[in-house]
Amino acid sequence: MSRFLALLALGVVGDAAVLDWTTAYAKASSALASLTVEEKVGIVTGIGWTKGPCVGNTSPVPKIGLPSLCLQDGPLGIRFAQGITAFPAGIHAGATWDKDLVYQRGVALGEESKALGIHIQLGPVGGALGKIPEGGRIWEGFTNDPYMSGQMMQQTIKGMQSAGVQACAKHPIGNEQEKNRETISSNMDDRTLHELYMWPFADSVLADVASMMCSYNKVNGTWACENDKLMNLLLKDDLDFKGFIMSDWNAQHSSVQAAITGLDMSMPGTDYNGGSIFWGPTLVELVKNGTVPSTRLDDMVKRIIGGWYKLQQDTNYPTVTFNSWTGGTGGPNVQGSHSQIARQVARDGIVLLKNDNKILPLKPNGGSIAVIGSDAVTNPDGLNACKDKGCNNGTLTMGWGSGSVELPYLIDPLTGIRNRVSGSATNVITSTTDDKNAAAGAAAAAATPIVFVNSNSGEAYITVEGNAGDRINLDPYHDGNGLVGAVAAAAAGKPVIVVIHSVGPMLLESILSHPNVQAVVWAGLPGQESGSSLADVLFGDISPSGKLPFTIGKSRADYGDVGIENSLVDSYEEGLYIDYKHFDKMGITPRYEFGYGLSYTSFQYSALSVQPATSMPVGLYDTIAVVTCTITNVGPVAGAEAAQLYLSLPPSAPDSPVQQLRGFDKVKLAPGQAGTATFILRKKDASYWDVARQQWIIPPGEYRFVVGASSRDRKLAGGFVV
Ligand code: BGC
C-alpha cells in the first residue's frame with residue numbers, strides 16, 4: 001500500500017474540510033431553532049422545474065446564511081454547463097479497477113462542482129446495479145458486482161466530498177430498467193436486497209455520503225420514495241445514514257406517506273409543468289394541523305442543512321452564476337488540469353480483449369492504417385448536436401440522458417490516431433460512415449484496417465433508433481457486425497483491428513468469426529479524451545490495463561432469465577445469480593469473463609500469504625483476514641495488473657454463489673519489478689444475510705479463495721478457517 005493509500009485509509013487525505021456528523025448536526029440544530037415552519041418547508045421542497053439555475057433548487061433562508069441550494073447532475077461531469085470536463089463514464093472508470101484513480105476522478109468532479117457553486121452533485125450511481133445487460137442506465141454506475149460498486153462508490157464519494165461538494169448516491173434501489181420505470185415494482189427477496197442491491201449504498205454510507213436519491217420504481221410493491229422499509233429502516237436505521245434522501249425528479253407520489261416514511265427533500269418540487277406540489281404549502285398545512293409531526297420536518301431540515309454544514313459550505317462557498325436553461329453559460333471555466341485525469345481514466349479503462357500474433361501495439365513507422373466507421377469521428381452534425389446526447393451519430397463517448405454532459409471538446413479516435421502518427425511516414429486512410437462499400441475500399445487500400453463499432457443506451461425520456469432507453473439487443477448499432485464483415489472480407493490476408501465503444505456487454509461472436517480480426521479493443525465510454533487515450537494504447541505508449549467490469553457471454557441466453565420486464569412486476573427470480581455468479585452456477589463458459597483483460601506485458605503471481613484475524617472482529621466492517629501476494633512483471637514493458645480475490649463461503653452457508661469478488665488491487669510495475677497486492681477482507685465480506693435472524697452471519701468452517709487475473713484466470717488458491 002502506498003503512503004497515499006495508507007493515509008486515505010486512515011481518512012487523513014482530503015477530508016480535512018469535512019466535519020463529522022455530530023459537529024454538523026449541532027450547527028444544524030442551533031440554526032433550526034430560529035426557523036419558521038414556512039422556512040423549513042422551503043428547505044425541503046424544490047422551487048420547481050427550471051425555476052432556478054440548477055436542475056434542483058431550494059428556497060434560501062438568508063437569516064441563517066443559507067442560500068438556495070443548487071443540485072446538479074451528474075455522475076460523469078456537470079450537466080448543462082460550459083467549461084467543464086466530460087470525464088469517462090462510471091462503467092469506464094470501473095474498468096480501470098484502480099481505486100486511487102477513481103478517487104482522483106472524484107476529486108476532480110467535486111472541484112468542478114464547487115467552483116460552479118453547486119452544493120450537491122447528483123452522483124455517483126450504485127443503482128441501476130446492472131443486473132439486466134440491456135438496462136438503459138447501466139453505464140452510469142461502475143459495474144454490476146456489488147462489492148466492486150461499493151468500493152468505487154466509496155472512492156468517488158470521498159474524492160468529491162474532499163473537494164467540498166456533497167455527493168448523492170443514487171438511486172436506491174431496483175431501477176434496473178427504463179421501461180415502465182415509474183410504475184414497475186422490483187420485488188426482491190430480503191437476502192438479495194441486502195447482498196446485492198443495498199450493498200453499494202451501505203458502502204456509500206461508510207464513505208459518509210451527504211445525500212441519496214430514492215428511485216422511480218416501487219420496491220416490493222411500494223414506491224421507493226415512500227417506502228418505510230427502504231428509507232427509514234434500511235438506510236436510516238440499519239445503515240445509520242445521517243444525510244438526507246431526495247426524491248428522484250418527480251418520483252414522489254404522496255405528501256404524508258412520503259414524509260413519514262423518510263423522504264427528506266422533494267425534487268424538483270413541482271411536476272415538469274409546474275403543477276402537483278406534494279409538499280410546499282401542503283406540507284406547511286400538514287405540519288400545522290399535526291398530520292405530519294413537526295419533529296419529522298425538523299429531522300428533514302437537520303439532515304439537509306447538516307450536509308451543508310458538514311461540507312463547510314456555509315463559509316466562502318462560490319455562488320452559482322451558470323444557468324442550466326440558457327445553454328449552461330455564465331459560469332467560470334472550471335476544467336483546471338482535469339483533462340489529464342480524464343485521459344488517464346480513459347486510457348486505463350480500455351480493455352484489450354484479443355491480440356493474436358501480438359499485432360498490437362502498432363508501430364507508427366510507415367505503412368498505412370485505415371480508420372473505418374462512423375464511430376471513429378465526431379458527430380458530423382456537431383459536437384453536442386443532440387440534447388442530452390440523445391442520438392447515436394459519430395463516436396460514442398457516453399450514453400444519453402441526465403447522466404450526460406456537453407462535451408467541451410472531443411479528441412475523437414481519428415484525431416487521436418492522426419495526432420499520434422503525425423510526423424511519421426504512416427498514411428491514414430479514412431472511411432468515416434458506416435457504408436460497407438466505402439469501408440471495404442478503405443480496408444483494401446490499407447495495410448492495417450481499424451474498424452469502429454458501438455452500442456448505446458440511456459434514459460427513458462429519449463428514444464434513439466428504436467431503443468427507448470433500454471437496448472433492444474446486445475448487437476452493435478448500424479449493423480456493426482456487417483461493417484466488420486465487409487472490412488474483414490476486403491482485408492483478406494491482412495489483420496483487422498476492431499474497436500468497440502459500448503455502454504455495457506455486447507455480443508462479439510459475429511465479429512470474432514472472421515479469422516483476420518486479430519485484435520479487439522474495448523474502448524468503453526471514454527469521454528472527451530477518447531482518441532488520445534485510444535492512441536496511447538494502440539501505439540503502445542502505455543500497456544492496456546483495464547479489465548471487464550461485467551461478463552461478455554457468447555449468446556444472450558447465456559445471461560439467463562434477466563431481461564427487460566414487460567409487466568409491472570419484476571420478481572427478481574434470479575436472486576443473487578446475476579452476471580458471473582450466474583455463469584458460474586450454470587457452468588457456462590463466457591466469451592470474455594468478468595475481470596478479464598490483456599496486457600502488452602505479463603505477470604507472475606507468487607508468495608500468497610493469509611493472515612486471519614486472531615479473534616472474531618466485532619464490527620461488520622472490521623478486518624477478518626488480510627491476504628497478500630507478490631506480482632512480478634515478467635514481460636518486456638511497464639504495465640499494471642488488477643489482481644482480484646474471489647471468496648467462496650464454507651459449505652455451512654445456505655445456497656450461495658460459487659465465488660464472489662471480495663478484493664482487488666491494481667499494482668503498477670516496471671519490467672522485472674515485483675510488487676505486493678493486498679486484499680483486506682471485512683467481516684461483512686465473509687458473511688451472508690440471514691433472513692430469519694435479520695443479521696449478517698459468518699458461516700463457520702473453511703473459507704476458500706482464489707487470487708487471479710480474472711474471475712476465471714486463477715493463479716493462487718488459499719483458505720482460512722473462521
Ligand atoms: C434522473 C436522475 C437525475 C434527475 C435530475 C432524473 O430523470 O433519474 O438521475 O439526477 O433526473 O436531472
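I began with the shell around the ligand and sorted its residues into 4 nonpolar, 2 polar and 7 charged, where Ala, Val, Leu, Ile, Met, Phe, Trp, Tyr, Cys and Pro count as nonpolar, Asp, Glu, Lys and Arg as charged, and the others, Gly among them, as polar. I kept in mind that this is a predicted model, in which local features need pLDDT of at least 70 and side-chain atom pairs count only at pLDDT 80 or more, while totals for chains, interfaces and linings use all residues. I also noted that residues are numbered from 1 along each chain as its sequence is written, and that side-chain values use heavy atoms, with hydrogens and water left out.

Next I asked which of the 13 residues around the ligand come nearest. I found Asp 73, Arg 137, His 171, Asp 248 and Glu 459 in that position; a residue is near a molecule if one of its heavy atoms lies within 4 Å of it.

An N or O atom in the side chain of Glu 459 is 2.6 Å from an oxygen atom of the ligand, a polar side-chain atom of His 171 lies 2.7 Å from a ligand oxygen, and for Tyr 216 the corresponding distance is 3.0 Å. I noted that the protein covers 96% of the 310 Å² of accessible area that the ligand has on its own, by the Shrake-Rupley method with a 1.4 Å probe.

The peptide bond from Lys 170 to His 171 is cis, with omega near -5 degrees.

Last, I turned to helix α13 (residues 338-348) and helix α18 (residues 530-538), whose axes come within 8 Å and cross at roughly 50 degrees; axes are lines fitted to C-alpha atoms over the stretch in contact, and angles run from 0 to 180 degrees between N-to-C directions. I therefore recorded α13 as oblique to α18, since angles under 35 degrees count as roughly parallel, over 145 as roughly antiparallel, 65 to 115 as roughly perpendicular and the rest as oblique.

How values were computed
Polar contact = N/O pair within 3.5 Å; in protein donor to acceptor, adjacent residues only side chain to side chain. Helix = DSSP H or I, 4+ residues; strand = E, 2+ residues; numbered from the N terminus.
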